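Thanks for coming. I will go through a few packing details in one chain, and then take comments.

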Amino acid sequence: MATTVPAEGRTSRIPTTTDIVRARITGNKRDAWGTIFKALVLSALLFAVFILVVLLVDVITGGWEVLTSRLWSFLSAGLRAQPGDAGVFQGLRGSFWIGYYVVVLAFPIGIGAAIFLEEYATKGRFSRFIELNIRNLAGVPSVVYGILGFAIFVKTAGALTGGRSTMAAGITLAVLVLPIVIITSAEAIRAVPDSIREAGYGVGATRWEVIRSHVLPYAAPGILTGTVLALARALGEAAPLILVGAVTGRLASDSGMLDVSQLTEKFTAMPIVITTWAGRPDAGFRALTSAAIAVLLVVVLIANTAAILLRNHYEKKRR
């Protein structure tokens, strides 16, 4: 990085080694294509931010009346036929337990699979075949996972999961995001410098000790980023839940948020509630739809914040 120092009342810029090497290679010619490329990627970034801001403004303004006039009743009330009485509690409860299954099932299995592929598996055709299939599974449409969940967790294992239940939906979405967790975790582990592993082996540590004490802490920021993306996708998916059997009426009970007895009963979730309300012609439900989207965004942001705090914690320890 170039620095400036005072010289005879003026400031002069001292060229760095990078500046000198670049000047010798390019002959001090202006990098026109580099400037164009920089402008293009900056335009892409600004366009993406603009779209995001427009969406947020539209959602918040649309649901502002509901969020400011009856926020608590909106969060605590169940699904109702009248928009003035309707709330998202049952949707929040379903999304909470779906997220729970993703965290409990997809995260440990996915991170474990990534550790095995990167640290233990012999590199060869078979491991490349497995990695290729995992990457292909990450691109499979979510509706296909919904059909898989319906066939296995609703029909075949219905006696265990309760059929069209929260448990079947949670396991289905855990399977859906599992390839994403494996891929992002494997990339984070692969980015750990070999010198860190060699330093551990050099002091007599076993492979497990090197992985636990050196590789995983160094790769933790990347792993956490991937898990947050996977959780956000799981909380926002609607198509698999429709196939697994999510409903917006005739729920079996009005149990509490942490009541595990409703895991084998009929369920709904925030994406289903939003989709159903968005299809109703009543203007009151349109406001409820915007308010429900805002609530779901807040839930995802809370999860992201927790992951970012953990990521910053591990990054500080890595320095």
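I start with F153, whose contacts, beyond residues up to four places away in sequence, are L148, G158, T161, G163, A168, I171, T172 and V175. This is a predicted model, so please keep that in mind throughout, given that local features are used here from a pLDDT of at least 70. F153 belongs to helix α6. Is F153 buried or exposed? Its relative accessible area is 16%, and the limit for buried is under 20%, so F153 is buried.

For two packed helices, the description consists of the angle between the axes and the distance between them. Helix α6 covers residues 142-156 and helix α8 covers residues 166-190. Their axes come within 9 Å, and the crossing angle is roughly 135 degrees. How are α6 and α8 placed relative to each other, then? An angle over 145 would count as roughly antiparallel, and 65 to 115 as roughly perpendicular; α6 and α8 are therefore oblique. The handedness of the α6 and α8 crossing is right-handed.

By class, the contact of α6 with α8 has 9 nonpolar residues, 4 polar ones and no charged ones.

S165 sits in the loop between α7, residues 158-161, and α8. S165 has a relative accessible area of 0%, and is therefore buried. Apart from neighbours within four places in sequence, S165 contacts V244, L263, T264, E265 and F267.

The next helix pair is α9 with α10. Helix α9 runs over residues 194-202 and helix α10 over residues 207-236. The axes of α9 and α10 come within 9 Å and cross at roughly 145 degrees. The crossing of α9 and α10 is right-handed. From α9, the contact takes in I196, R197, G200 and Y201; from α10, it takes in R207, V210, H214, V215 and Y218. The classes in the contact of α9 with α10 are 5 nonpolar, 2 polar and 2 charged residues.

Now the aromatic rings. A pair of rings is described by the distance of the centres and the angle of the planes. How many aromatic pairs does a search of the whole structure find? It finds 5. One of them is F96 with W97, which is edge-to-face, with 5.3 Å centre to centre and 80 degrees between the planes. F96 has 38% relative accessibility and so counts as partly exposed, whereas W97, at 6%, counts as buried. W97 also pairs with Y100, again edge-to-face, at 5.2 Å centre to centre and with 75 degrees between the planes. W97 and Y100 both lie in helix α4, residues 89-120, and are 3 residues apart, about one turn of the helix. Y100, at 41% relative accessibility, counts as partly exposed. Taken as a group, F96, W97, Y100 and Y101 form one aromatic cluster.

Two more residues remain. M270 is in helix α12, residues 270-278. With 0% relative accessibility, M270 counts as buried. Where in the chain is L92 relative to M270? The two are 178 residues apart along the chain, yet their C-alpha atoms are separated by 5.9 Å. Setting aside neighbours within four places in sequence, M270 is in contact with V88, G91, L92, S95, A292, V295 and L296.

The other residue is S290, in helix α13, residues 283-318. The relative accessible area of S290 is 13%, so S290 is buried. Not counting residues up to four places away in sequence, S290 touches V59, G62 and G63.

That is what I have; comments, please.

Note on methods: Residues numbered from 1 in each chain as written. Predicted model: local features only at pLDDT ≥ 70, side-chain atom pairs only at ≥ 80, totals over all residues. Heavy atoms only, no water. Axes fitted to C-alpha atoms, helices over the stretch in contact; angles between N-to-C directions. Helix = DSSP H or I, 4+ residues; strand = E, 2+ residues; numbered from the N terminus. Parallel < 35°, antiparallel > 145°, perpendicular 65-115°, else oblique. Left-handed = near helix turned anticlockwise from the far one by under 90°. Nonpolar A, V, L, I, M, F, W, Y, C, P; charged D, E, K, R; others polar. Phe/Tyr/Trp six-rings, centres within 6.5 Å; stacked < 30°, edge-to-face > 60°. Buried < 20%, exposed > 50% of the residue type's maximum accessible area, 1.4 Å probe, protein only. Contact = heavy atoms within 4.5 Å.
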